[in-house]
Amino acid sequence: MTRLRHMTSLQRTQQRMAVLFILPALAVYGLFVLYPLLMSLWGSFFAWKGLRMQEFAGLANFTRLFIFPSGARLYGALWHNVAWFFGIMLLQNGLGLLFAWLLFLRDRGAAFFQSVFFFPAVLSPVIVGALWRLLLAPGGIAEWALNGLGLHQGSLTVLGNSHTALAMLIAVDAWNWMGLPVLIYTAGLRQISGQIFEAAKLDGAGNARMLFSIALPLLMPALGTLTTLSFINTFNQFDIVYVMQGVQGNPSYSTDTLVTYFYRLAFGAEGAVGITDIGLALALGTMLFLVLSIGTLLMLRFFDKRTVQL
Amino acid sequence: MSMLSIHRRAALGLIGGLAAACAGILTTAPARADSTVTLWSWRTEDEAAMRRIFDAFEKNNPGIKVDIQFTPDADYQNRLSTALRGGRGPDIAQLKAYGELQPFIEGGYLDALDDSVAELKNMPDAALGGVRGRADGKLYGVPYSVPMMGVFYNEDIFSAQGIEIPKTYKEFVATCDKLKAAGITPIANGGANGSAWELEIGVGVIGPTLYGPGFYDEMMSGKATFEDPRYVAALKRFAELKPYYSDGFAGIDYTTATQQFIGGKAAMFFGGSFENGSFKSQNPKLKFSIFPFPADDASTKLYTSAFSDGSYGLVSESQNKEAATKVLNFMASAEFAQLFADELGWPPARSDVTVKDPVLSKMMEMSKNSTPYLTLVGFRWQTPTASSVLQSEIIDMVEGNVAPEKLAADMQAAVSTWFKPKQ
């Protein structure tokens, strides 16, 4: 009995110590994550004038989000984020899987190519955006190369064209982070026991069959992680638009995203103008937070269920 | 009194105390630099000139030092609002005009200057319109410039090609054709990558020659809207000149366009007065001047868009108001206006100056026939502003993807959400 009591008192001290050790981190988390989050949620229920919180407005900011003139911006930006997400899934995670598979099949030089793919991820999206803006500008290298190959004529204005600008930005973003799926998929593929592939080969499966019927189901955790990350990143997309098209998502709001719209509402710059609508911005921020949290939870569950255990 | 000046006084006191009684010296010594007035500005390109202007002030006011801090335009408004909210703003802040100024007034961050800066009474209405509080009609800033808009042109290219300043729109187009045939870009223009405000200025250059000087009042009283054929005609004309704009217009940004003009690759540039100083400082050899955009008929009196560019205001929470007010009084004086005109080369807020720069004198001549810069003076009071719609859709309009009528209708729909005409 005494020994047991002794143990529990020791455990209790340990527990208390543990709480003590967690406290600083918890305080930092509370101060810099929970507090601003709750404050912005609180602020979204108020009318704002200029920079100051005025009277309680209930859900007025939230309803205002969906009606003219904000509604058009919200739906436009939301659609661009959705398009961005699917674009990234296809261009970045899809091609990434393909590259990883090719590297896996041909082991020699894999490490080298892996670093080649990963290189752009070392650069800040701001640098990547500025770089591609220069490359894609009229009179830039892309124009010169395309004209030289006879694929294009005249000056290249893809970034100034509201039909092509968004696709260009998505492609640049995919280029920037291509290394990540390659890295994660290769790691995932290496973890799969080689015997499985050998057995499949003996059964007469080709490379494509092995990728889709064997590797892909086993890569489900990696795919889940990448999809969730891509979801969060694309819905928070800001920097590439900001650097390449400005905070209005020009031309004609064709590259506007939820966060660039948020930025304009919160910090002005709508038409180079410093008039803010902080109430609306906070309502949008709250919405975005909900969309991201719920979406992420659903995705994690979806992929958890589909994970194949051997 | 701020901690800073207490420390300064204490330090001075210690030094002085070796020789005499501290108190006596501290209250009588006239020539101590005991006040540093911080001043924030977004005009990074004017840094050297502003420094020289305030050197002149400091020489005459030995007790006051002016510490000018610059933040690039794109981040300025954001930085200032954040600083003011946190109570860490400057003593004097450069302020945007009209609607962009109001949030600071409504938030109570600025002091009205009607009583403390007497010289404001000597400033023209075009300058003061931009600094007036909408609710109380008081003046919250000392305006520094009333810029206007026109067509900058390269004098060397014009004379080499034997081109005169066009008198009619037809002549203007003929001029462009001639330049194009000679392999020179007629008009450096572009607003990609978030610099579409430059294209809005282009409309401000062309507009008054088509809608005339009375149009602003008609818009304000609700007699006319953006869908008025006269305004749509201005948009159309801006789009119609596309063949003469920089190659790859939709992908060219403001910086590239100005470089084309400054580098002598393009013959003309639609711009505001503020380009004068920066063009000169970037290429002192460039010979250029400005003319108002021509109308269809040579006999039409040519009007130009003008506006109050901004002002300098006194931050309410400043610990240094006495010295800051002195600085503001200097900025409202004829002496400052003269220095401003000489150093920066754009029209100062006061007209009682002697102008030496030929381009500036042309601009001051042009600004005699001016009408308010419609989208800024009239329609940038609340979001969505006319400018925000214009700036986002105008590239598509020039490229032919959006009809001028559609753009005009979108502008009208946007401002209708908040704009109430004055009867």
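Student: Buried means under 20% relative accessible area, and exposed means over 50%. Is Trp346(B) buried or exposed, then?
Tutor: This is a predicted model, so keep that in mind throughout. In it, Trp346(B) has a relative accessibility of 1%, which is under the 20% cut-off, so the residue counts as buried.

Student: Where does Trp346(B) sit in the chain?
Tutor: Look in the loop between α15 and α16 (358–366) of chain B.

Student: What separates the C-alpha atoms of Trp346(B) and Glu365(B)?
Tutor: Their C-alpha atoms are 12 Å apart. Along the chain, Trp346(B) and Glu365(B) are 19 residues apart.

Student: You mentioned α15. At what angle do α3 and α15 of chain B pack?
Tutor: Helix α3 (residues 47–60) and helix α15 (residues 334–344) of chain B pack at about 150 degrees. Their axes lie 9 Å apart.

Student: Why give both an angle and a distance?
Tutor: Because two packed helices are described by the angle between their axes and the distance between the axes.

Student: What do you call the arrangement of α3(B) and α15(B)?
Tutor: Angles over 145 degrees count as roughly antiparallel. The angle here is about 150 degrees, and α3(B) and α15(B) are therefore roughly antiparallel to each other.

Student: Is the crossing of α3(B) and α15(B) left-handed or right-handed?
Tutor: The crossing of these two helices, α3(B) and α15(B), is right-handed.

Student: New topic. How many salt bridges are there over all chains?
Tutor: A search of the whole structure gives 24.

Student: Why would side chains pair up like that?
Tutor: Because side chains of opposite charge can pair when their charged atoms come close.

Student: Which residue does Asp111(B) meet in a salt bridge?
Tutor: Lys321(B), with 2.8 Å from N to O. The pair links distant parts of the chain, since Asp111(B) and Lys321(B) are 210 residues apart. Asp111(B) is in the loop between α5 (102–106) and α6 (125–128) of chain B, while Lys321(B) is in helix α14 (residues 321–331) of chain B. Lys321(B) is partly exposed, with a relative accessible area of 30%.

Student: What about Asp228(B), which residue does it form a salt bridge with?
Tutor: Arg230(B), where the closest N and O atoms are 3.0 Å apart. Asp228(B) is buried at 14% relative accessible area, whereas Arg230(B) is partly exposed at 28%.

Student: And Arg350(B), which residue does that side chain meet?
Tutor: Asp352(B), in a salt bridge of 2.8 Å from N to O. Here the buried residue is Arg350(B), with 5% relative accessible area. Asp352(B) has 44% relative accessibility and counts as partly exposed.

Student: Which residues are linked in a network of salt bridges?
Tutor: Arg51(B), Asp55(B), Glu58(B) and Lys65(B) are linked in that way.

Student: Switching to the backbone. Which residues does the cis peptide bond in chain A join?
Tutor: Asn250(A) and Pro251(A) are joined by a cis peptide bond, with omega about -10 degrees. Pro251(A) is in the loop between α12 (239–245) and α13 (258–267) of chain A.

Student: Where is Pro384(B)?
Tutor: Pro384(B) is in the loop between α17 (374–378) and α18 (386–398) of chain B. The peptide bond from Thr383(B) to Pro384(B) is cis too, with omega near -10 degrees.

Student: What is phi for Ser252(A)?
Tutor: Phi of Ser252(A) is near 50 degrees, a positive value. Ser252(A) also lies in the loop between α12 and α13 of chain A.

Student: And what is phi for Asn193(B)?
Tutor: Near 55 degrees, again a positive value in a residue other than glycine. Asn193(B) is in the loop between β6 (185–188) and α9 (197–211) of chain B. With a relative accessible area of 19%, Asn193(B) is buried.

Student: Last topic, the surface. Which residues form the nonpolar patch?
Tutor: Among them are Val28(A), Tyr29(A), Phe32(A), Trp42(A) and Met53(A). Together the patch residues have about 1200 Å² of accessible area.

Student: Which helix gives the largest share of the nonpolar patch?
Tutor: Helix α1 (residues 2–43) of chain A contributes 11 residues. Val28(A) lies in this helix, α1, and counts as partly exposed at 47% relative accessibility.

Note on methods. Residues are numbered from 1 along each chain as its sequence is written. Chains are lettered from A and ligands numbered from 1 in the order in which they are written. This is a predicted model: local features need pLDDT of at least 70, side-chain atom pairs count only at pLDDT 80 or more; totals for chains, interfaces and linings use all residues. Side-chain values use heavy atoms; hydrogens and water are left out. Patches are made of residues with over 30% relative accessible area and no salt bridge: like charges are joined within 9 Å, nonpolar side chains (Val, Leu, Ile, Met, Phe, Trp, Tyr) within 5 Å. Accessible areas come from the Shrake-Rupley method with a 1.4 Å probe; for residues, only the protein chains shown count as cover. A salt bridge is a side-chain nitrogen of Lys or Arg within 4 Å of a carboxyl oxygen of Asp or Glu. Helices (H or I, at least four residues) and strands (E, at least two) are DSSP runs, numbered from the N terminus. Buried means under 20% relative accessible area, exposed over 50%, partly exposed in between (1.4 Å probe, protein chains only). Axes are lines fitted to C-alpha atoms, for helices over the stretch in contact, and angles run from 0 to 180 degrees between N-to-C directions. Angles under 35 degrees count as roughly parallel, over 145 as roughly antiparallel, 65 to 115 as roughly perpendicular and the rest as oblique. A crossing is left-handed if the near helix is turned anticlockwise from the far one by less than a right angle, and right-handed if clockwise.
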